[in-house]
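The sequence and the structure are shown first.

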Amino acid sequence: MIKLNISRLLLILVLSYLSDRANGRLNFKGVDEKLKQLNKPAMKTIQSEDGDIIDCVDIYKQPAFDHPALKNHVIQMKPSFKLKEEKSGTTSLSSKLVVSQTWQKSGSCPDGTVPIRRIQRMDLLRAKSIGRFGRKPQETISKSNTTNLKKGLYPSNSTTQVALPTIVNRSAANLVTLGYNYIGAKGEINVWNPNVAADDEFTTAQIWLKAGPADKFESLETGWMKDSYKSTGCFDLTCSGFVQTNPNVALGATIVPVSSEFGQQYHVTLGMYKDPQTSNWWLKFGADVPIGYWPAGSLMFYLNHSSTLVEWGGQVYSTNVKKTPHTKTAMGSGKFASGLFGNACFIRNPNIVDFSMALKYPKWVGTWADDYYCYTAYNYQKGYGTLPVFYFGGPGQNPNCP
């Protein structure tokens with residue numbers, strides 16, 4: 001199995017995109033010191049067939065507790081809430097839930113530990129600097145993009161216009177909702193294996209919960225990611241702060257299988273929810289499996305209350321987006337949203353949670369794409385009695401996107 005061609009479960013915590021920068025040449029001494037800092041002592045080690053090493057780390061010695069704000073944190077072992085699910089219709093799509101990670105074929109972690117993908121020397125040597133390793137590339141707002149939100153599940157003449165930020169070096173194609181206080185979001189994300197054109201680029205399919213002003217917002221994000229193992233980012237457990245409680249899922253480890261064009265379609269269900277008792281933001285995988293949580297309190301400010309913006313869709317990171325020549329890094333399946341099921345990447349059942357503690361389709365939704373000739377977004381509804389399915393993606397550079 002070639003490591004570069006496998007999609008990865010992605011977990012990101014971003015408190016501010018205006019973070020400090022660090023530059024400098026990598027050296028072996030610095031690499032070894034950084035590896036000692038990043039990799040925690042393992043109670044058990046599992047060698048995965050894809051080349052990953054999974055360390056089973058004592059739950060109380062995981063990277064979360066490197067954060068000074070969590071020095072005396074008491075772990076919440078499971079959520080205190082149960083969500084109601086409100087469905088206005090069903091979809092007829094046929095797909096299979098992605099439930100396996102490659103490393104799980106080779107062993108399991110014991111109770112009282114959490115599985116953590118080991119950062120290896122080659123990971124650090126590929127990074128541009130040790131100081132930037134473990135941080136998502138800094139985001140800078142360049143302008144606002146205008147889109148229309150429509151009311152209700154079905155075609156409606158009731159619309160409202162909103163302005164959303166455009167970010168330098170990013171191209172997105174999203175379904176968006178805003179205007180309320182959201183304390184959760186969920187989606188069934190179709191899993192593909194898109195092309196990544198350069199060492200320092202990546203592509204994702206994910207869910208965003210955001211709050212705060214456009215120039216300094218906070219964001220919780222989850223989904224799958226494809227890169228060349230050479231980009232840096234505040235992904236998985238590399239950055240301290242996220243508290244994992246599940247011994248069976250390794251964030252950042254490969255997920256298999258992936259979808260094929262007009263063949264079997266696979267998806268992964270992910271959700272992020274605020275616990276009404278503790279205010280911790282829980283990440284759940286599959287039907288209702290808790291993975292862990294972002295602790296409330298000193299790690300966040302705007303998100304301590306709620307999210308005011310939710311997005312579902314894809315994002316490509318490259319210094320060659322919105323430029324000529326455009327990057328050839330693909331989004332989703334690499335096909336435009338108009339290809340629909342079996343051809344384009346989809347997110348099914350994009351639900352939100354408000355203070356009613358019920359999963360429901362958003363009251364207002366809209367679609368937008370930064371580079372419409374490169375990547376597209378389409379909220380497709382087959383007919384009355386079915387929920388819309390959001391399709392997105394594209395190849396990047398093509399005759400209409402030079």
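## Overall make-up

The model described here is predicted. Its protein chain contains two helices and 24 strands. The chain has 402 residues, and 56% of them count as buried. The accessible surface of the protein chain amounts to about 16800 Å², with 51% of it belonging to carbon and sulfur atoms.

The contacts can also be sorted by separation along the sequence. Among those between residues at least 6 apart in sequence, 79% join residues at least 24 apart.

Strand 11 covers residues 184-190 and is mostly covered, since seven of its seven residues are buried. In a regular strand, side chains alternate between the two faces of the sheet. In strand 11, Gly184, Lys186, Glu188 and Asn190 point one way, while Ala185, Gly187 and Ile189 point the other way. The residues of both groups are buried.

Two pairings of this strand can be described. With strand 16 (residues 266-274), strand 11 pairs in the antiparallel sense over seven bridges; here Lys186 is placed opposite Gly271. Strand 20 (residues 345-353) also runs antiparallel to strand 11, and five bridges join the two. In this pairing, Gly184 stands opposite Val353 of strand 20.

## Salt bridges

Side chains of opposite charge can pair when their charged atoms come close. The structure has eleven salt bridges. One of them joins the side chains of Asp66 and Lys40, with an N to O distance of 2.6 Å. Asp66 lies in the loop between strand 3 (53-58) and strand 4 (84-85), and Lys40 in the loop between helix 1 (28-38) and strand 2 (44-47), so this pair ties together parts that are 26 residues apart in sequence. The two partners can be described by their accessibility: Asp66 is partly exposed, with a relative accessible area of 46%, whereas Lys40 counts as buried at 17%.

Another salt bridge is formed by the side chains of Asp288 and Lys284, at 2.8 Å from N to O. Asp288 is partly exposed at 36% relative accessibility, while Lys284 is buried at 5%. Both residues also belong to a network of salt bridges that includes Lys82. In a further salt bridge, between Lys360 and Asp354, the closest N and O atoms are 3.2 Å apart.

## A buried polar contact

Thr102 is located in the loop between strand 6 (100-101) and strand 7 (113-117). At 0% relative accessibility, Thr102 counts as buried. Its side chain makes a polar contact of 2.8 Å with the side chain of Thr254.

## Aromatic rings

A pair of aromatic rings is described by the distance of the centres and the angle of the planes. The structure holds eleven aromatic pairs. In one of these, the ring centres of Phe390 and Phe392 are 5.6 Å apart and the planes lie at 15 degrees, so the pair is stacked. Phe390 is buried, with a relative accessible area of 0%, and for Phe392 the value is 0% as well, so Phe392 is also buried.

Ring pairs also form a cluster, which links Phe341, Phe346, Tyr378, Tyr380 and Tyr391.

## Backbone features

Most residues other than glycine have a negative phi, and most peptide bonds are trans. Against this background, a cis peptide bond joins Val256 and Pro257, with omega at about -5 degrees. Pro257 is placed in the loop between strand 15 (255-256) and strand 16. A cis peptide bond also joins Thr324 and Pro325, where omega is about 0 degrees. Pro325 lies in the loop between strand 19 (307-317) and strand 20.

Asn349, which is not a glycine, has a phi of about 50 degrees. This residue lies in strand 20 and is buried, with a relative accessible area of 14%. For Met357, also a residue other than glycine, phi is near 60 degrees. Met357 is found in the loop between strand 20 and strand 21 (358-360), and at 16% relative accessibility Met357 counts as buried.

Key:
Residues are numbered from 1 along each chain as its sequence is written. This is a predicted model: local features need pLDDT of at least 70, side-chain atom pairs count only at pLDDT 80 or more; totals for chains, interfaces and linings use all residues. Side-chain values use heavy atoms; hydrogens and water are left out. A salt bridge is a side-chain nitrogen of Lys or Arg within 4 Å of a carboxyl oxygen of Asp or Glu. Helices (H or I, at least four residues) and strands (E, at least two) are DSSP runs, numbered from the N terminus. Buried means under 20% relative accessible area, exposed over 50%, partly exposed in between (1.4 Å probe, protein chains only). Contact means heavy atoms within 4.5 Å. Accessible areas come from the Shrake-Rupley method with a 1.4 Å probe; for residues, only the protein chains shown count as cover. A polar contact is a pair of N or O atoms within 3.5 Å; within protein, one must be able to donate a hydrogen and the other to accept it, and residues adjacent in sequence count only if both atoms are side-chain atoms. Rings of Phe, Tyr and Trp (its six-membered ring) pair if their centres lie within 6.5 Å; planes under 30 degrees apart count as stacked, over 60 as edge-to-face and the rest as tilted. Two strands pair if DSSP finds at least two bridges between them.
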